[in-house]
Amino acid sequence: MRTYLQFLIRCFRLSFVGDYRYYAWMFLLTVFVLLGINAYCKQLVYGLATTGMTDQVSWGFYIANFTFLVGMAAAAVMLVIPVYIYRNRELHDLVIFGELFAVAAIIMAMLFVTVDLGRPERFHHLLLRFNFPISMLTWDVLVLNGYLLLNLHICGYLVYCAYRRRQPSKLFYIPFVFVAIVWAISIHTVTAFLYSGLGGRPFWNSAVVAPRFLASAFAAGPAFLILSLSVLARFTTYQVPPKAFMTLRNTVAIALSISMFLLGSEMFTEFYTDSAHGASAKYLFFGLHGRHALVPWIWSAIVLNLVAMLLLYLPISRRLPVLQAACVMLIVGIWIEKGMGMIVPAFIPTPLGEIVEYLPTLNETLVTLGIWAGGLLIYTILVRVTVPVLTGRLTYDQEFSVATDMRSPNVAAAPEAHS
Amino acid sequence: MADPPHITIDGVPQNCNGCHQIFHSNSPAGATLNYHQEIRLQHGLNNRCVNCHDSQNRERLTLRDGATVSFAETPQLCAQCHGTVFRDWERGTHGKTLGSWITNSDAQRRLSCTECHNPHAPRYEPYKLLSGPNTLRMGEQVASPTGGVRDEQSPLQRWLRGIDPKQRDHPITNGARP
Amino acid sequence: MKDIRIWDGPSKPASGGEPELTRRSFLRTGAAAVGGMAALAAALSPLRELASDDIPNFDQFLQKHYKEMTAAEMEQALERIRKKVEDRYAVRPHLRDVKPMEGVEFVYALNLSRCIGCRKCVHACVAENNQSRSPEIQYIRVIEMPRGTLDVEKGNHHYDRPTVPDADHFYMPVQCHQCANPPCVKVCPVEATWQEPDGITVIDYDWCIGCRYCEAACPYWARRFNFAKPNLPKDQLNPNMSYLSNRPREKGVMEKCHFCLHRTREGRMPACVEICPTGARKFGNVLDPKSEVSEILKTKRVFVLKEEVGTLPRFFYYFDERYPNTLDPEALAIADRLRAEEGDAYGCLPGASGPRKDFVAASTPEWWNGARA
């Protein structure tokens with residue numbers, strides 16, 4: 001126990017240690033977190049009128065980001081499946097970064113739901129009268145918390161074993177890994193059911209929402225991991241096998257193709273049928289009654305996704321900068337498509353045919369940025385602590401020094417310190 | 001409606017027969033009225049006073065078979081032509097009920113024909129409408145087509161003016177068709 | 001970059017030796033910590049503007065769900081609310097918890113042939129139910145619809161005319177339909193909204209967490225959210241109120257039409273029925289076969305909005321027959337007599353099988369696209 005506490009304390013202190021780039025990055029994130037807290041305090045005082053939401057468009061930026069981040073969290077499974085089911089070697093050591101990101105993404109998703117509440121101080125009502133299993137939101141609460149705990153356990157256990165220089169006992173984590181695979185799919189399915197179960201919103205009331213969510217998540221999640229592993233390879237001494245990038249690239253390409261196919265299927269059904277139920281899709285893609293705030297967004301998303309897909313299938317994306325560019329494009333594209341492009345149009349027109357458009361306000365945007373910055377802060381700290389442990393430079397009997405950890409332009413890579 | 005109707009002339013309450021038993025109407029056709037000039041008879045085919053008013057006793061109404069009813073029993077008179085409406089009124093599917101929704105309650109009162117309709121011009125007058133919704137931007141009260149009020153006192157407004165000028169140009173629609 | 005030791009290792013010391021806890025690093029750490037705390041305090045500073053009556057007190061925080069409260073606890077909660085209303089509006093409210101009546105299921109019927117779109121119901125409802133005046137919250141939306149369609153997307157919510165009705169339009173008011181299969185109740189994660197035995201879907205304003213899932217689920221756009229603190233002038237407060245209906249609401253909770261349950265559960269009519277100048281609105285107990293709504297369901301052609309979503313509304317729309325009901329011998333006799341007396345009484349030539357051609361041309365609505373028909 002004492003060793004474990006010491007481990008936590010060492011991790012905590014380690015998170016304050018780094019070179020100037022680390023400090024600059026953390027300082028930037030902290031500034032955004034504080035701006036977000038400030039904006040949220042204003043929202044607490046004046047109510048959700050500080051957002052762009054109205055009775056007509058009653059969910060907006062917060063829920064859009066929530067949806068996107070649940071997908072990002074679920075995407076860790078795209079590393080777990082190859083490793084634990086197909087025995088992929090290159091990805092084996094990288095799984096933990098996917099799981100760490102899942103932890104950060106779930107925390108962000110939960111924060112987005114919390115800031116969307118009108119009465120956050122009544123959160124405990126969930127514990128007192130939990131409308132399970134009737135309300136899909138209660139399912140979401142359960143699966144998100146469960147997924148957070150699963151990932152915390154798996155990551156925490158593996159990292160702590162490395163810290164103690166012990167071989168992890170399979171009994172303590174392999175069953176959880178397999179539960180987490182199913183669980184990851186369930187969190188995004190439940191989130192999709194949150195929307196697709198509403199008969200009053202024809203835009204959401206489609207069976208293809210859940211598969212679409214999963215496909216787009218399995219593209220955006222590994223794409224984000226490609227980016228974060230690139231950062232890891234660039235700034236730390238951690239060795240990322242180049243083949244791992246190629247495996248992830250294949251995953252992203254296939255998931256993105258499926259996602260685009262499902263989007264196409266949805267568009268065909270809406271536009272070929274051309275019924276009154278297609279009004280929201282018309283608004284999204286072409287505008288309705290002269291209102292078209294989302295049209296440029298959704299088309300940029302589609303163009304970004306198509307270009308990214310093309311790049312990923314061409315051999316040119318074997319080069320890391322091209323691969324990174326494609327990943328950025330598809331993350332932005334999917335963020336627009338399943339965030340604002342999925343949540344907002346369902347409210348336009350309203351069930352009574354009124355057209356009120358939605359744009360996030362500055363305050364709402366600051367809260368959103370704050371949560372993103374907070375999530376990245378958590379992820380950075382987790383990775384910051386994990387890398388030295390996994391590479392054996394931070395163990396219960398081993399001291400740690402920065403010079404051996406950060407790959408700095410000022411200092412030549414120091415030889416490994418431990419014996 | 002009181003039965004029979006009263007009017008007050010020089011502070012003295014008068015019944016219909018107070019005049020009509022002294023001055024007899026000269027023309028049954030009644031194309032021009034010398035008195036009761038405020039009455040605008042717009043009742044379609046029914047354009048004779050004595051179709052409804054008893055020519056002998058102006059405090060009674062006349063039915064087609066020659067029987068008379070009091071002013072309190074107007075629905076029986078109207079029912080002679082407006083059969084379907086009368087049927088609906090009796091069932092409660094036409095007209096207005098006040099007081100209570102409980103069918104056997106003493107408080108329940110169903111308005112009779114002439115309490116809503118002017119018997120001489122039963123068609124409803126065009127009605128002045130009240131202001132429309134102004135709920136589009138919560139807290140930000142943009143003048144609506146029906147003249148909503150801009151609320152300068154709202155704390156949100158004060159705050160938004162200080163913090164976020166973009167807010168005021170929020171591209172809301174007023175719902176009007178282009 | 002120099003080595004930074006972050007703890008005194010238990011075992012072998014590494015190259016550096018001494019931990020660098022110098023005065024300089026101590027000052028630097030201290031300055032960073034102070035700066036961080038100051039920035040956090042600055043970030044939290046807007047909270048100072050939080051109104052004191054906006055923060056729930058201990059009793060409110062611990063208040064139980066409506067269905068779990070004992071009579072004594074309910075009385076305690078009512079007293080707390082009375083006091084709060086008195087503090088805020090300087091009026092002692094007549095607040096109570098009205099229970100549903102036995103053997104009653106409320107149903108609403110609205111005669112589209114009679115509604116003239118005057119919006120009196122909208123404003124009567126606001127006055128009765130203590131809705132926020134700014135931001136504006138209204139439970140009833142009257143839609144001006146072009147003749148020839150029931151597609152609400154073709155309607156206008158913001159019509160303004162010197163007088164109503166307009167000859168080319170009909171008017172369709174929409175409010176909570178008090179569905180027998182309410183999607184809003186299904187989705188609520190904390191059971192803050194539920195259906196009462198008399199069919200009214202109510203909200204416990206002290207239990208709602210403000211997630212707005214019900215607002216997304218409602219196919220009739222009947223629910224409203226308090227995006228800001230409700231603003232209701234003191235002299236406009238209706239002191240006759242009940243726990244589940246028109247007591248003043250807080251910021252951040254949902255509200256909606258509740259068929260004026262503080263009136264209707266005491267036998268009175270809802271405010272919108274009472275105010276309606278044309279008698280287009282009908283309200284009553286559908287379990288009573290003699291009630292007006294039962295008669296309407298039996299004898300009129302009724303329809304519900306969006307029947308396909310399966311919500312089973314308790315709010316019915318109906319029309320008056322424009323032509324006499326040909327199945328009713330009494331009506332048929334009257335029609336025959338009128339036709340004999342007046343000839344072309346209804347825009348139909350005697351013996352003709354359909355409407356006149358010029359009538360069709362004149363009554364075709366403007367938006368109708370003949371090419372697509």
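**Close-ups of a predicted three-chain model**

**View 1. Chain B at a glance.** Of the 178 residues in chain B, 33% are buried (under 20% relative accessible area, with exposed meaning over 50% and partly exposed in between, for a 1.4 Å probe and protein chains only). Keep in mind that this is a predicted model, where local features need pLDDT of at least 70 and side-chain atom pairs count only at pLDDT 80 or more, while totals for chains, interfaces and linings use all residues. As for bookkeeping, residues are numbered from 1 along each chain as its sequence is written, chains are lettered from A and ligands numbered from 1 in the order in which they are written, and side-chain values use heavy atoms, with hydrogens and water left out. Chain B has five helices and six strands (DSSP runs numbered from the N terminus: H or I of at least four residues for helices, E of at least two for strands). Reading from the N terminus, the order is β-β-α-β-β-α-α-β-β-α-α. Take the contacts in chain B with a separation of 6 or more: 28% of them come from residues 24 or more positions apart (contact meaning heavy atoms within 4.5 Å).

**View 2. Chain C at a glance.** Here the count is eleven helices and twelve strands. Of the 373 residues in chain C, 53% are buried. Among its contacts between residues at least 6 apart in sequence, 63% join residues at least 24 apart. Chain C exposes about 17000 Å², with 57% of it from carbon and sulfur atoms.

**View 3. Two helices of chain A side by side.** H10(A), residues 242–273, packs against H13(A), residues 320–343, at an angle of about 30°, and the axes are 12 Å apart (lines fitted to C-alpha atoms over the stretch in contact, with angles from 0 to 180 degrees between N-to-C directions). On the H10(A) side, the residues that meet H13(A) include A:Phe245, A:Met246 and A:Arg249, and among their partners in H13(A) are A:Leu330, A:Ile334 and A:Glu337. The residues of this contact split into nine nonpolar, one polar and two charged (nonpolar: Ala, Val, Leu, Ile, Met, Phe, Trp, Tyr, Cys and Pro; charged: Asp, Glu, Lys and Arg; polar: the others, Gly among them).

**View 4. Aromatic rings.** The structure holds 46 aromatic pairs over all chains (Phe, Tyr and six-membered Trp rings with centres within 6.5 Å; planes under 30 degrees apart are stacked, over 60 edge-to-face, the rest tilted). One of them, A:Phe68 with A:Trp372, is tilted, at 6.2 Å centre to centre and 45° between the planes. A:Phe68 sits in H3 and A:Trp372 in H14 of chain A, so this pair ties together parts 304 residues apart in sequence. Both A:Phe68 and A:Trp372 are buried. A:Phe271 and A:Phe285 have ring centres 5.9 Å apart and planes at 75°, so they make an edge-to-face pair. A:Phe271 is partly exposed at 24% relative accessibility, whereas A:Phe285 is buried at 4%.

**View 5. Around A:Val83.** This residue lies in helix H4 (residues 77–84) of chain A and is buried, at 2% relative accessibility. Setting aside neighbours within four places in sequence, A:Val83 contacts A:Asn88, A:Leu91, A:His92 and A:Val95. The C-alpha atoms of A:Val83 and A:Leu94, eleven residues apart along the chain, are separated by 9.4 Å.

Notes. Accessible areas come from the Shrake-Rupley method with a 1.4 Å probe; for residues, only the protein chains shown count as cover.
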